[in-house]
Amino acid sequence: MTTPATPSADTAPEPPRSKRDLLMAMMGVSATVVLAAFDSTIVSTTLPRVAQALNGMALYAWVGTGYLLATAASILIFGRLGDLFGRKPLMLLSVAIIALGSISCGLAQSMPQLIAFRTLQGIGGGMMIATAFAAPADLFPDAKERVRWLALVSAAFAMASGIGPLLGGAATQALGWRAAFFISPIAAVVALFLLARYFPRIRPLATQAGSRRIDWVGSLLLVIAVSAPLAAMELAFAPGDHAHPMLALALALAGVAAIALLIPYERRVSSPIFPLRVIARPEPQLLNVAGLAVGAVMFILIFYSPLLLQTEMGYTPSEAGLLLTPLVAAIPIGSIVNGQLFPKQSEPQRLMVFGGCLLAVGSLMVLAFGKDTSTIWILAAFFVNGCALGFLLPNLTLFMQMLSERRDVGIASALVQTTRAIGSAAGTALVGIAIARSSVLQGVRIGLVICVALALVCAYLAHRVKMKNVLTRAAQRRKA
(Lines give C-alpha, C1' and ligand atoms only; values in the text may rest on other atoms or scores of the structure.)
Protein backbone atom coordinates (compact mmCIF):
# COMPACT_ATOMS: atom_id res chain seq x y z
CA MET A 1 0.00 0.00 0.00
CA THR A 2 1.46 3.34 -1.03
CA THR A 3 1.58 6.34 1.27
CA PRO A 4 1.04 10.01 0.61
CA ALA A 5 3.75 12.32 -0.58
CA THR A 6 5.99 12.86 2.43
CA PRO A 7 9.75 13.27 2.65
CA SER A 8 11.57 9.98 2.23
CA ALA A 9 14.86 8.49 1.25
CA ASP A 10 13.95 9.04 -2.39
CA THR A 11 14.89 12.69 -2.05
CA ALA A 12 18.09 14.34 -0.88
CA PRO A 13 17.93 16.25 2.41
CA GLU A 14 16.58 19.76 1.94
CA PRO A 15 18.32 22.76 3.49
CA PRO A 16 16.16 24.96 5.71
CA ARG A 17 14.61 27.88 3.81
CA SER A 18 13.12 31.14 5.01
CA LYS A 19 9.53 32.10 4.29
CA ARG A 20 10.82 34.80 1.94
CA ASP A 21 12.85 32.28 -0.07
CA LEU A 22 9.87 29.93 -0.28
CA LEU A 23 7.66 32.80 -1.45
CA MET A 24 10.17 33.86 -4.10
CA ALA A 25 10.62 30.26 -5.25
CA MET A 26 6.86 29.90 -5.70
CA MET A 27 6.74 33.23 -7.49
CA GLY A 28 9.26 31.72 -9.91
CA VAL A 29 7.05 28.65 -10.39
CA SER A 30 4.03 30.90 -10.93
CA ALA A 31 6.02 32.95 -13.45
CA THR A 32 6.75 29.80 -15.46
CA VAL A 33 3.05 28.90 -15.42
CA VAL A 34 2.18 32.40 -16.62
CA LEU A 35 4.71 31.95 -19.41
CA ALA A 36 3.15 28.61 -20.38
CA ALA A 37 -0.33 30.20 -20.45
CA PHE A 38 0.89 33.13 -22.56
CA ASP A 39 2.65 30.76 -24.92
CA SER A 40 -0.46 28.65 -25.54
CA THR A 41 -3.04 31.47 -25.77
CA ILE A 42 -1.31 34.60 -27.01
CA VAL A 43 -1.23 33.30 -30.58
CA SER A 44 -4.99 32.66 -30.79
CA THR A 45 -5.91 36.22 -31.79
CA THR A 46 -2.94 36.63 -34.14
CA LEU A 47 -3.22 33.43 -36.18
CA PRO A 48 -5.66 34.66 -38.85
CA ARG A 49 -3.35 37.55 -39.72
CA VAL A 50 -0.26 35.31 -39.53
CA ALA A 51 -1.77 32.75 -41.92
CA GLN A 52 -2.76 35.51 -44.32
CA ALA A 53 0.68 37.14 -44.21
CA LEU A 54 2.50 33.83 -44.78
CA ASN A 55 0.00 32.65 -47.41
CA GLY A 56 -0.77 29.50 -45.44
CA MET A 57 -4.48 29.32 -44.67
CA ALA A 58 -4.49 25.65 -45.72
CA LEU A 59 -2.12 24.89 -42.82
CA TYR A 60 -3.88 27.20 -40.34
CA ALA A 61 -5.15 24.46 -38.00
CA TRP A 62 -1.77 22.73 -37.72
CA VAL A 63 -0.16 25.71 -36.00
CA GLY A 64 -2.33 24.97 -32.97
CA THR A 65 -2.47 21.20 -33.48
CA GLY A 66 1.32 20.83 -33.62
CA TYR A 67 1.67 22.72 -30.34
CA LEU A 68 -1.05 20.72 -28.55
CA LEU A 69 0.22 17.34 -29.76
CA ALA A 70 3.80 18.11 -28.69
CA THR A 71 2.60 19.32 -25.29
CA ALA A 72 0.36 16.32 -24.61
CA ALA A 73 3.01 13.84 -25.77
CA SER A 74 5.80 15.33 -23.64
CA ILE A 75 4.08 15.98 -20.28
CA LEU A 76 4.42 12.42 -18.97
CA ILE A 77 7.98 12.02 -20.22
CA PHE A 78 9.24 15.12 -18.45
CA GLY A 79 7.15 14.46 -15.36
CA ARG A 80 9.06 11.23 -14.91
CA LEU A 81 12.44 12.79 -15.74
CA GLY A 82 11.74 15.40 -13.06
CA ASP A 83 11.29 12.60 -10.53
CA LEU A 84 14.55 10.98 -11.60
CA PHE A 85 16.85 13.98 -12.04
CA GLY A 86 15.20 16.91 -10.26
CA ARG A 87 12.80 19.57 -11.48
CA LYS A 88 14.86 22.77 -11.43
CA PRO A 89 17.03 22.00 -14.51
CA LEU A 90 13.94 21.02 -16.50
CA MET A 91 12.05 24.16 -15.51
CA LEU A 92 14.99 26.36 -16.54
CA LEU A 93 15.36 24.45 -19.82
CA SER A 94 11.63 24.72 -20.55
CA VAL A 95 11.72 28.49 -20.10
CA ALA A 96 14.66 28.73 -22.51
CA ILE A 97 12.96 26.50 -25.11
CA ILE A 98 9.75 28.52 -25.03
CA ALA A 99 11.61 31.83 -25.27
CA LEU A 100 13.81 30.70 -28.17
CA GLY A 101 10.86 29.05 -29.90
CA SER A 102 8.79 32.21 -29.58
CA ILE A 103 11.57 34.35 -31.05
CA SER A 104 11.90 31.86 -33.92
CA CYS A 105 8.14 32.04 -34.54
CA GLY A 106 8.40 35.82 -34.73
CA LEU A 107 11.10 35.48 -37.39
CA ALA A 108 9.38 32.67 -39.38
CA GLN A 109 9.17 33.17 -43.15
CA SER A 110 6.66 30.42 -43.99
CA MET A 111 3.85 28.40 -42.42
CA PRO A 112 5.89 25.15 -42.29
CA GLN A 113 8.57 27.03 -40.37
CA LEU A 114 5.97 28.47 -38.01
CA ILE A 115 4.45 25.01 -37.42
CA ALA A 116 7.90 23.56 -36.69
CA PHE A 117 8.77 26.33 -34.21
CA ARG A 118 5.35 26.07 -32.49
CA THR A 119 5.86 22.32 -32.15
CA LEU A 120 9.23 23.02 -30.50
CA GLN A 121 7.44 25.40 -28.14
CA GLY A 122 4.92 22.64 -27.40
CA ILE A 123 7.72 20.41 -26.16
CA GLY A 124 8.85 23.24 -23.88
CA GLY A 125 5.27 23.75 -22.73
CA GLY A 126 4.89 20.06 -21.86
CA MET A 127 8.17 20.15 -19.93
CA MET A 128 7.01 23.26 -18.08
CA ILE A 129 3.55 21.93 -17.15
CA ALA A 130 5.01 18.61 -16.00
CA THR A 131 7.51 20.26 -13.66
CA ALA A 132 5.73 23.41 -12.48
CA PHE A 133 2.64 21.64 -11.13
CA ALA A 134 4.81 19.08 -9.32
CA ALA A 135 7.28 21.65 -7.93
CA PRO A 136 5.14 22.67 -4.90
CA ALA A 137 5.44 19.09 -3.60
CA ASP A 138 9.23 19.58 -3.36
CA LEU A 139 8.83 22.71 -1.25
CA PHE A 140 5.73 21.84 0.82
CA PRO A 141 5.49 18.15 1.81
CA ASP A 142 2.41 18.91 3.97
CA ALA A 143 -0.64 18.69 1.69
CA LYS A 144 -2.68 21.09 3.84
CA GLU A 145 -0.05 23.79 3.30
CA ARG A 146 0.61 22.85 -0.32
CA VAL A 147 -3.00 23.29 -1.43
CA ARG A 148 -2.79 27.06 -0.86
CA TRP A 149 0.26 27.31 -3.10
CA LEU A 150 -1.35 25.12 -5.76
CA ALA A 151 -4.23 27.60 -5.68
CA LEU A 152 -1.71 30.36 -6.46
CA VAL A 153 -0.31 28.39 -9.40
CA SER A 154 -3.79 27.60 -10.75
CA ALA A 155 -4.85 31.23 -10.32
CA ALA A 156 -1.75 32.47 -12.17
CA PHE A 157 -2.39 30.05 -15.04
CA ALA A 158 -6.07 30.97 -15.32
CA MET A 159 -5.50 34.72 -15.22
CA ALA A 160 -2.66 34.55 -17.75
CA SER A 161 -4.85 32.42 -20.03
CA GLY A 162 -7.44 35.18 -20.01
CA ILE A 163 -4.93 38.00 -20.51
CA GLY A 164 -2.93 36.22 -23.24
CA PRO A 165 -5.37 36.66 -26.15
CA LEU A 166 -5.88 40.34 -25.23
CA LEU A 167 -2.12 40.98 -25.19
CA GLY A 168 -1.67 39.15 -28.48
CA GLY A 169 -4.45 41.10 -30.14
CA ALA A 170 -3.20 44.46 -28.83
CA ALA A 171 0.39 43.78 -29.92
CA THR A 172 -0.74 42.63 -33.36
CA GLN A 173 -2.96 45.65 -33.87
CA ALA A 174 -0.31 48.13 -32.71
CA LEU A 175 2.94 46.64 -34.02
CA GLY A 176 2.10 43.75 -36.36
CA TRP A 177 1.72 40.01 -35.84
CA ARG A 178 5.44 39.35 -35.32
CA ALA A 179 5.43 41.54 -32.21
CA ALA A 180 3.00 39.19 -30.45
CA PHE A 181 5.66 36.46 -30.40
CA PHE A 182 8.11 38.68 -28.52
CA ILE A 183 5.91 39.02 -25.42
CA SER A 184 6.75 35.53 -24.09
CA PRO A 185 10.55 36.09 -24.15
CA ILE A 186 10.09 39.18 -21.98
CA ALA A 187 8.11 37.14 -19.43
CA ALA A 188 10.76 34.39 -19.68
CA VAL A 189 13.47 36.73 -18.34
CA VAL A 190 11.51 37.18 -15.08
CA ALA A 191 10.86 33.44 -14.75
CA LEU A 192 14.51 32.54 -15.40
CA PHE A 193 15.79 34.99 -12.77
CA LEU A 194 13.38 33.87 -10.04
CA LEU A 195 13.91 30.15 -10.68
CA ALA A 196 17.68 30.37 -10.95
CA ARG A 197 17.98 32.55 -7.85
CA TYR A 198 15.43 31.10 -5.46
CA PHE A 199 14.23 27.63 -6.44
CA PRO A 200 16.42 25.03 -4.69
CA ARG A 201 18.19 22.25 -6.53
CA ILE A 202 16.73 19.13 -4.93
CA ARG A 203 18.54 16.03 -6.14
CA PRO A 204 16.64 12.73 -5.97
CA LEU A 205 18.77 9.88 -4.65
CA ALA A 206 18.91 6.65 -6.62
CA THR A 207 17.58 3.86 -4.39
CA GLN A 208 19.02 1.04 -6.47
CA ALA A 209 21.53 0.53 -9.24
CA GLY A 210 20.25 1.64 -12.61
CA SER A 211 17.12 3.23 -11.17
CA ARG A 212 17.91 6.52 -12.92
CA ARG A 213 18.41 5.13 -16.41
CA ILE A 214 16.19 6.64 -19.08
CA ASP A 215 13.66 4.19 -20.51
CA TRP A 216 13.99 5.12 -24.21
CA VAL A 217 11.75 2.35 -25.58
CA GLY A 218 9.03 3.09 -23.05
CA SER A 219 9.32 6.81 -23.85
CA LEU A 220 8.76 6.15 -27.56
CA LEU A 221 5.77 3.90 -26.89
CA LEU A 222 4.33 6.48 -24.48
CA VAL A 223 4.64 9.29 -27.04
CA ILE A 224 2.84 7.18 -29.67
CA ALA A 225 0.18 6.08 -27.18
CA VAL A 226 -0.68 9.68 -26.28
CA SER A 227 -0.13 11.59 -29.52
CA ALA A 228 -1.38 9.14 -32.18
CA PRO A 229 -5.03 9.05 -30.98
CA LEU A 230 -5.08 12.85 -30.61
CA ALA A 231 -3.71 13.28 -34.13
CA ALA A 232 -6.27 10.76 -35.35
CA MET A 233 -9.12 12.87 -33.94
CA GLU A 234 -7.76 15.98 -35.63
CA LEU A 235 -7.44 14.26 -39.00
CA ALA A 236 -10.72 12.35 -38.85
CA PHE A 237 -12.91 15.35 -38.04
CA ALA A 238 -11.09 18.13 -39.87
CA PRO A 239 -13.42 20.27 -41.99
CA GLY A 240 -13.88 19.71 -45.72
CA ASP A 241 -11.00 18.32 -47.78
CA HIS A 242 -8.62 18.40 -44.81
CA ALA A 243 -10.14 15.23 -43.33
CA HIS A 244 -8.11 12.02 -43.81
CA PRO A 245 -10.17 9.16 -42.33
CA MET A 246 -7.86 6.32 -43.41
CA LEU A 247 -4.75 8.01 -41.98
CA ALA A 248 -6.74 8.75 -38.84
CA LEU A 249 -7.68 5.08 -38.54
CA ALA A 250 -4.05 4.04 -38.96
CA LEU A 251 -2.96 6.47 -36.23
CA ALA A 252 -5.71 5.26 -33.89
CA LEU A 253 -4.59 1.65 -34.40
CA ALA A 254 -0.97 2.69 -33.78
CA GLY A 255 -2.04 4.29 -30.50
CA VAL A 256 -3.87 1.14 -29.39
CA ALA A 257 -0.89 -1.04 -30.34
CA ALA A 258 1.48 1.24 -28.42
CA ILE A 259 -0.65 0.96 -25.29
CA ALA A 260 -0.82 -2.83 -25.66
CA LEU A 261 2.97 -3.01 -25.89
CA LEU A 262 3.68 -0.36 -23.25
CA ILE A 263 1.93 -2.01 -20.31
CA PRO A 264 3.77 -5.37 -20.31
CA TYR A 265 7.05 -3.68 -21.22
CA GLU A 266 6.86 -1.23 -18.30
CA ARG A 267 6.25 -4.12 -15.92
CA ARG A 268 9.57 -5.70 -16.92
CA VAL A 269 12.04 -2.80 -16.90
CA SER A 270 13.81 -1.74 -13.72
CA SER A 271 13.30 2.02 -14.26
CA PRO A 272 10.11 2.47 -16.31
CA ILE A 273 9.25 5.85 -17.80
CA PHE A 274 5.67 5.23 -16.65
CA PRO A 275 5.67 3.14 -13.44
CA LEU A 276 2.33 1.33 -13.35
CA ARG A 277 2.22 1.54 -9.54
CA VAL A 278 1.02 5.15 -10.03
CA ILE A 279 -2.38 3.86 -11.22
CA ALA A 280 -2.40 0.49 -9.46
CA ARG A 281 -4.93 1.56 -6.83
CA PRO A 282 -8.58 2.47 -7.50
CA GLU A 283 -8.31 6.08 -6.25
CA PRO A 284 -5.77 7.29 -8.87
CA GLN A 285 -7.76 5.53 -11.58
CA LEU A 286 -10.95 7.33 -10.51
CA LEU A 287 -9.13 10.69 -10.32
CA ASN A 288 -7.79 10.39 -13.85
CA VAL A 289 -11.20 9.49 -15.25
CA ALA A 290 -12.49 12.56 -13.41
CA GLY A 291 -9.65 14.53 -15.02
CA LEU A 292 -10.87 13.43 -18.46
CA ALA A 293 -14.36 14.68 -17.61
CA VAL A 294 -13.15 18.02 -16.20
CA GLY A 295 -10.95 18.66 -19.25
CA ALA A 296 -13.83 17.95 -21.62
CA VAL A 297 -16.30 20.21 -19.79
CA MET A 298 -13.81 23.07 -19.40
CA PHE A 299 -12.90 23.23 -23.07
CA ILE A 300 -16.42 22.69 -24.38
CA LEU A 301 -17.43 25.76 -22.36
CA ILE A 302 -14.40 27.81 -23.45
CA PHE A 303 -14.57 26.89 -27.15
CA TYR A 304 -18.29 26.73 -27.86
CA SER A 305 -19.90 29.25 -25.49
CA PRO A 306 -18.57 32.20 -27.58
CA LEU A 307 -19.93 30.50 -30.70
CA LEU A 308 -23.37 30.24 -29.08
CA LEU A 309 -23.23 33.88 -27.95
CA GLN A 310 -22.30 35.11 -31.43
CA THR A 311 -24.34 32.96 -33.82
CA GLU A 312 -27.53 32.49 -31.82
CA MET A 313 -27.65 35.49 -29.48
CA GLY A 314 -26.28 38.23 -31.73
CA TYR A 315 -23.22 39.34 -29.75
CA THR A 316 -20.07 40.56 -31.50
CA PRO A 317 -16.80 38.63 -31.00
CA SER A 318 -15.46 41.28 -28.60
CA GLU A 319 -18.71 41.31 -26.61
CA ALA A 320 -18.68 37.50 -26.42
CA GLY A 321 -15.10 37.59 -25.14
CA LEU A 322 -16.01 40.06 -22.40
CA LEU A 323 -19.03 38.00 -21.35
CA LEU A 324 -16.82 34.92 -21.08
CA THR A 325 -14.34 36.73 -18.79
CA PRO A 326 -15.98 35.55 -15.50
CA LEU A 327 -15.30 31.95 -16.49
CA VAL A 328 -11.55 32.61 -16.36
CA ALA A 329 -11.59 35.22 -13.60
CA ALA A 330 -13.60 33.03 -11.20
CA ILE A 331 -11.21 30.06 -11.35
CA PRO A 332 -8.73 31.78 -8.97
CA ILE A 333 -11.61 32.72 -6.67
CA GLY A 334 -12.76 29.12 -6.44
CA SER A 335 -9.16 27.94 -5.99
CA ILE A 336 -8.55 30.36 -3.12
CA VAL A 337 -11.78 29.37 -1.34
CA ASN A 338 -10.89 25.71 -1.86
CA GLY A 339 -7.45 26.33 -0.35
CA GLN A 340 -9.00 27.92 2.73
CA LEU A 341 -11.50 25.11 3.23
CA PHE A 342 -9.16 22.19 2.55
CA PRO A 343 -7.30 22.13 5.90
CA LYS A 344 -10.63 22.04 7.75
CA GLN A 345 -11.94 18.96 5.90
CA SER A 346 -11.66 15.49 7.38
CA GLU A 347 -12.78 14.13 3.98
CA PRO A 348 -11.38 16.62 1.42
CA GLN A 349 -12.86 14.76 -1.53
CA ARG A 350 -16.12 16.49 -0.58
CA LEU A 351 -14.68 19.68 -2.07
CA MET A 352 -14.40 17.96 -5.44
CA VAL A 353 -17.91 16.56 -5.08
CA PHE A 354 -19.14 20.11 -4.47
CA GLY A 355 -17.14 21.36 -7.45
CA GLY A 356 -18.61 18.69 -9.75
CA CYS A 357 -22.18 19.46 -8.66
CA LEU A 358 -21.57 23.20 -9.03
CA LEU A 359 -20.14 22.63 -12.53
CA ALA A 360 -23.32 20.73 -13.47
CA VAL A 361 -25.43 23.67 -12.23
CA GLY A 362 -23.30 26.11 -14.20
CA SER A 363 -23.60 24.02 -17.36
CA LEU A 364 -27.39 23.93 -16.92
CA MET A 365 -27.38 27.72 -16.60
CA VAL A 366 -25.53 28.01 -19.93
CA LEU A 367 -27.91 25.45 -21.47
CA ALA A 368 -30.79 27.80 -20.57
CA PHE A 369 -29.34 30.62 -22.73
CA GLY A 370 -31.75 32.05 -25.28
CA LYS A 371 -32.16 35.16 -27.42
CA ASP A 372 -33.74 37.05 -24.52
CA THR A 373 -31.34 35.91 -21.77
CA SER A 374 -30.17 38.84 -19.65
CA THR A 375 -26.52 39.86 -19.41
CA ILE A 376 -26.60 39.31 -15.64
CA TRP A 377 -27.66 35.68 -16.13
CA ILE A 378 -24.89 35.09 -18.70
CA LEU A 379 -22.23 36.58 -16.42
CA ALA A 380 -23.55 34.63 -13.43
CA ALA A 381 -23.53 31.35 -15.38
CA PHE A 382 -19.89 31.73 -16.40
CA PHE A 383 -18.94 32.86 -12.89
CA VAL A 384 -20.50 29.70 -11.39
CA ASN A 385 -18.62 27.51 -13.86
CA GLY A 386 -15.34 29.28 -13.11
CA CYS A 387 -15.76 28.86 -9.35
CA ALA A 388 -16.57 25.17 -9.86
CA LEU A 389 -13.38 24.64 -11.87
CA GLY A 390 -11.47 26.33 -9.04
CA PHE A 391 -12.62 23.53 -6.73
CA LEU A 392 -11.63 20.83 -9.24
CA LEU A 393 -8.38 21.76 -10.99
CA PRO A 394 -6.05 22.15 -7.95
CA ASN A 395 -7.52 19.14 -6.16
CA LEU A 396 -7.01 16.81 -9.12
CA THR A 397 -3.28 17.53 -8.96
CA LEU A 398 -3.04 17.60 -5.16
CA PHE A 399 -4.94 14.34 -4.63
CA MET A 400 -2.78 12.54 -7.21
CA GLN A 401 0.33 13.75 -5.37
CA MET A 402 -1.06 12.66 -2.01
CA LEU A 403 -1.92 9.20 -3.34
CA SER A 404 1.53 8.66 -4.83
CA GLU A 405 4.89 7.84 -3.36
CA ARG A 406 7.35 10.70 -3.06
CA ARG A 407 9.46 9.33 -5.92
CA ASP A 408 6.42 9.39 -8.25
CA VAL A 409 5.06 12.89 -7.55
CA GLY A 410 6.17 14.24 -10.93
CA ILE A 411 4.73 11.43 -13.05
CA ALA A 412 1.51 11.41 -11.00
CA SER A 413 1.03 15.16 -11.49
CA ALA A 414 1.87 14.84 -15.19
CA LEU A 415 -0.60 11.99 -15.65
CA VAL A 416 -3.59 14.00 -14.47
CA GLN A 417 -2.50 16.95 -16.64
CA THR A 418 -2.32 14.57 -19.63
CA THR A 419 -5.74 13.05 -19.01
CA ARG A 420 -7.18 16.56 -18.80
CA ALA A 421 -5.58 17.39 -22.15
CA ILE A 422 -6.98 14.22 -23.73
CA GLY A 423 -10.43 14.99 -22.31
CA SER A 424 -10.21 18.51 -23.73
CA ALA A 425 -9.41 17.22 -27.21
CA ALA A 426 -12.10 14.53 -27.10
CA GLY A 427 -14.78 16.90 -25.80
CA THR A 428 -14.17 19.60 -28.39
CA ALA A 429 -14.06 16.99 -31.18
CA LEU A 430 -17.38 15.41 -30.13
CA VAL A 431 -19.18 18.75 -30.03
CA GLY A 432 -17.61 19.70 -33.35
CA ILE A 433 -19.09 16.54 -34.88
CA ALA A 434 -22.49 17.35 -33.37
CA ILE A 435 -22.41 20.85 -34.87
CA ALA A 436 -21.35 19.52 -38.29
CA ARG A 437 -24.17 16.95 -38.29
CA SER A 438 -26.93 19.33 -37.11
CA SER A 439 -26.59 23.08 -36.45
CA VAL A 440 -24.64 25.41 -34.18
CA LEU A 441 -27.52 25.74 -31.72
CA GLN A 442 -28.37 22.05 -31.64
CA GLY A 443 -24.73 20.95 -31.53
CA VAL A 444 -23.75 23.30 -28.69
CA ARG A 445 -26.83 22.26 -26.71
CA ILE A 446 -25.86 18.62 -27.13
CA GLY A 447 -22.40 19.59 -25.88
CA LEU A 448 -23.85 21.33 -22.84
CA VAL A 449 -25.97 18.27 -22.00
CA ILE A 450 -22.74 16.26 -22.21
CA CYS A 451 -21.16 18.83 -19.85
CA VAL A 452 -23.92 18.35 -17.28
CA ALA A 453 -23.57 14.57 -17.45
CA LEU A 454 -19.77 14.65 -17.21
CA ALA A 455 -19.83 17.10 -14.28
CA LEU A 456 -22.14 14.75 -12.36
CA VAL A 457 -19.91 11.80 -13.27
CA CYS A 458 -16.96 13.77 -11.88
CA ALA A 459 -18.85 14.41 -8.63
CA TYR A 460 -19.70 10.71 -8.32
CA LEU A 461 -16.11 9.62 -8.98
CA ALA A 462 -14.80 12.14 -6.45
CA HIS A 463 -17.24 10.74 -3.88
CA ARG A 464 -15.70 7.31 -4.40
CA VAL A 465 -12.14 8.63 -3.87
CA LYS A 466 -11.70 8.11 -0.14
CA MET A 467 -9.07 10.62 0.97
CA LYS A 468 -9.85 10.44 4.70
CA ASN A 469 -7.78 7.28 5.21
CA VAL A 470 -4.91 8.78 3.25
CA LEU A 471 -4.81 11.85 5.48
CA THR A 472 -4.99 9.63 8.58
CA ARG A 473 -2.02 7.54 7.42
CA ALA A 474 -0.09 10.73 6.67
CA ALA A 475 -0.70 12.02 10.22
CA GLN A 476 0.33 8.69 11.74
CA ARG A 477 3.52 8.65 9.69
CA ARG A 478 4.46 12.18 10.78
CA LYS A 479 3.91 11.27 14.44
CA ALA A 480 6.05 8.16 14.04
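1. Axes here are lines fitted to C-alpha atoms, for helices over the stretch in contact, and angles run from 0 to 180 degrees between N-to-C directions. On that basis, helix α12 (residues 282–311) and helix α16 (residues 409–437) pack at an angle of about 45°, their axes 6 Å apart. α12 is therefore oblique to α16; angles under 35 degrees count as roughly parallel, over 145 as roughly antiparallel, 65 to 115 as roughly perpendicular and the rest as oblique.

2. The model is predicted: local features need pLDDT of at least 70, side-chain atom pairs count only at pLDDT 80 or more, and totals for chains, interfaces and linings use all residues. Residues are numbered from 1 along each chain as its sequence is written, and side-chain values use heavy atoms, with hydrogens and water left out.

3. Overall make-up. The protein has 18 helices and zero strands. Helices (H or I, at least four residues) and strands (E, at least two) are DSSP runs, numbered from the N terminus. Of the 480 residues, 54% are buried. Buried means under 20% relative accessible area, exposed over 50%, partly exposed in between (1.4 Å probe, protein chains only).

4. Contact range. Take contacts between residues at least 6 apart in sequence: 84% of them join residues at least 24 apart. Contact means heavy atoms within 4.5 Å.

5. Back to α12 and α16. The crossing is right-handed. A crossing is left-handed if the near helix is turned anticlockwise from the far one by less than a right angle, and right-handed if clockwise. The α12 side of the contact includes Gly291, Gly295, Phe299 and Phe303. Among the α16 residues that they and their neighbours meet are Gly423, Gly427, Val431 and Ile435. An α-helix has 3.6 residues a turn, so residues three or four places apart point the same way.

6. α16 also packs against α15. Their axes come within 8 Å and cross at roughly 145°. Leu393, Leu396, Thr397, Met400 and Gln401 of α15 make the contact, with Val409, Ala412, Ser413, Leu415, Val416, Gln417 and Arg420 of α16. This crossing, too, is right-handed.

7. Thr397 deserves a look within that contact. Thr397 lies in α15 (residues 375–402). Thr397 counts as buried because its relative accessibility is 2%. Its C-alpha is 5.5 Å from that of Ser413, 16 residues away in sequence. Neighbours within four places aside, Thr397 is in contact with Phe133, Leu150, Ser413, Val416 and Gln417.

8. Helix α4 (residues 88–106) has 19 residues. At 1.5 Å a residue it should span 27 Å, and its end C-alpha atoms are 27 Å apart, which agrees. The expected span is 1.5 Å times one less than the number of residues. Buried residues of α4 include Leu90, Met91, Val95, Ile98, Ala99 and Ser102.

9. Where does Ala188 lie? Ala188 is in helix α9 (residues 183–198). Ala188 is buried, at 2% relative accessible area. Ala188 and Ala99 are 89 residues apart along the chain, yet their C-alpha atoms are separated by 6.2 Å. Sequence neighbours within four places aside, Ala188 is in contact with Leu35, Val95 and Ala99.

10. Cysteines. The structure holds zero disulfides, a disulfide being a pair of cysteine sulfur atoms within 2.5 Å. For Cys458, the nearest cysteine sulfur is that of Cys357, 9.2 Å away. Cys458 is buried, with a relative accessible area of 1%. Cys451 counts as buried too, at 0% relative accessibility.
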